[in-house]
Amino acid sequence: ILVGDLADSTSMVSRLVHREPVSVRRPEKETHPKLFYRGAHQTTLDPLAAAQPPGGLFLWSEQISGNGRVVSGSPDEARGSGAGSANSSAAALLAYDVAHAIPWDWRVSLYTLTKGIASGSYLVALLLALVGGLAWGSTVWLRTAPILALVFLGITGALLIWDLEHPERFYMIFTRPHWKSWLVRGGFVITGFGAVLTGHLLAGLSGSGTPRALAWIGAPLAAMTAAYTAYLFAQAKARDLWQNPLLPPHFVVQALIAGSAVLLPFAPGFAGSGVRTLLAGAAVVHLLLVLGEVSLTHPTAHARRAAHEMVRGRFRVFFWVGVALVALAVAAPGMNGREKREYDLVRATEEPIVWT
């Protein structure tokens, strides 16, 4: 193993890389790796291309398993998964694959949910108001939706800062932004959305402004708050399953589901019926997108392996429980007789009814 400065033309590493045939892992991903292999066939650099011995051979059998570590093929993991399903050929035969810390943990998963609630609760209230399912002067539109959105947007910001390698330097996202990073762009989108929500809530509480006019800015910012994570994930070019052009609209659909579910207990009368209808419709679209993602042929072996682990492998319980819960949302009840009468009353009157 040789370590050196590639920028120094006189270093041994630089001379080897520029004068002798070397290989890198997955050059098609354009991640420009700085780890080069001399004298290695390209197939030996792909863990999925290595042969799997029938009885199992664990070169790294002393790896420590546990939360927060990626362990490839340790005997304990294989026994726990049943039939040696976790016996990775990468750990079994290739010496360069060692245990390493998981770069993203539960905080990233949780933040996608909280920001989905923040953007979705605002978008759901706005959509209902636009189609007449919610009065512009209702408490749900003036106060409830912006309060829920601000609370969960604040949680999102806290999780994002917590997940940074140096949380105390989060302000540098704004003072020294790297504009090619969607983490930076997302930070500005969230900040703008928070400003609109604050203005919306102040106008609703004071009665001196028109939150309806802010929707022209709030709607695109809410949609981008929900969708920008798809572009952030896509920047991880070596993660094949994330290179999906349907991820941005899928994140918006997920936000509508999360926002509807959180807003539903606060929506009275026929407004609640509208929220349930949106929840059911978004759940149907979500299930169709998931069906397309798992049923279509994936372009690479790594994407197929990731999809298999999600649907049939170690994460299958989380996946199928999630599918079942979303399916329940499809069965959300429609408008009952009382809600229908309230709806007809509001539609027939010129003045909106303010729900409290």
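Is the crossing in which α5 passes α8 left-handed or right-handed? I looked this up first. The model I worked from is predicted. α5 passes α8 in a left-handed crossing.

**Entry: α5 and α8**

I took the boundaries as residues 139-163 for α5 and 211-234 for α8. Their axes lie 13 Å apart, and the packing angle is about 35 degrees. Next I listed the residues that meet. From α5 I noted W141, L142, L153 and L160. From α8 I noted P211, R212, A215, T225 and Y228. Sorted by type, the residues of this contact give seven nonpolar, one polar and one charged.

**Entry: α4 and α7**

I then turned to α4, residues 106-131, and α7, residues 182-206. Their axes come within 12 Å and cross at roughly 45 degrees. On the α4 side, A118, S119 and Y122 make the contact. On the α7 side, F193, L197 and H200 do. I sorted these residues too: four are nonpolar, two are polar and none is charged.

**Entry: the core**

Which residues have the most contacts inside the largest nonpolar core? I found Y111, Y122, L134, W141, F193 and L263. The core has 49 residues. I checked which helices supply at least two residues each, and noted α4, α5, α7 and α8, along with α9 (247-263), α10 (269-295) and α12 (316-330). Y122 and F193 are already in my notes from the α4 and α7 contact. W141 is there from the contact of α5 with α8.

Terms used. Residues are numbered from 1 along each chain as its sequence is written. This is a predicted model: local features need pLDDT of at least 70, side-chain atom pairs count only at pLDDT 80 or more; totals for chains, interfaces and linings use all residues. Side-chain values use heavy atoms; hydrogens and water are left out. Axes are lines fitted to C-alpha atoms, for helices over the stretch in contact, and angles run from 0 to 180 degrees between N-to-C directions. Helices (H or I, at least four residues) and strands (E, at least two) are DSSP runs, numbered from the N terminus. Contact means heavy atoms within 4.5 Å. Ala, Val, Leu, Ile, Met, Phe, Trp, Tyr, Cys and Pro count as nonpolar, Asp, Glu, Lys and Arg as charged, and the others, Gly among them, as polar. A nonpolar core is a set of buried Ala, Val, Leu, Ile, Met, Phe, Trp, Tyr and Cys residues joined through side-chain atoms within 4.5 Å. Buried means under 20% relative accessible area, exposed over 50%, partly exposed in between (1.4 Å probe, protein chains only). A crossing is left-handed if the near helix is turned anticlockwise from the far one by less than a right angle, and right-handed if clockwise.
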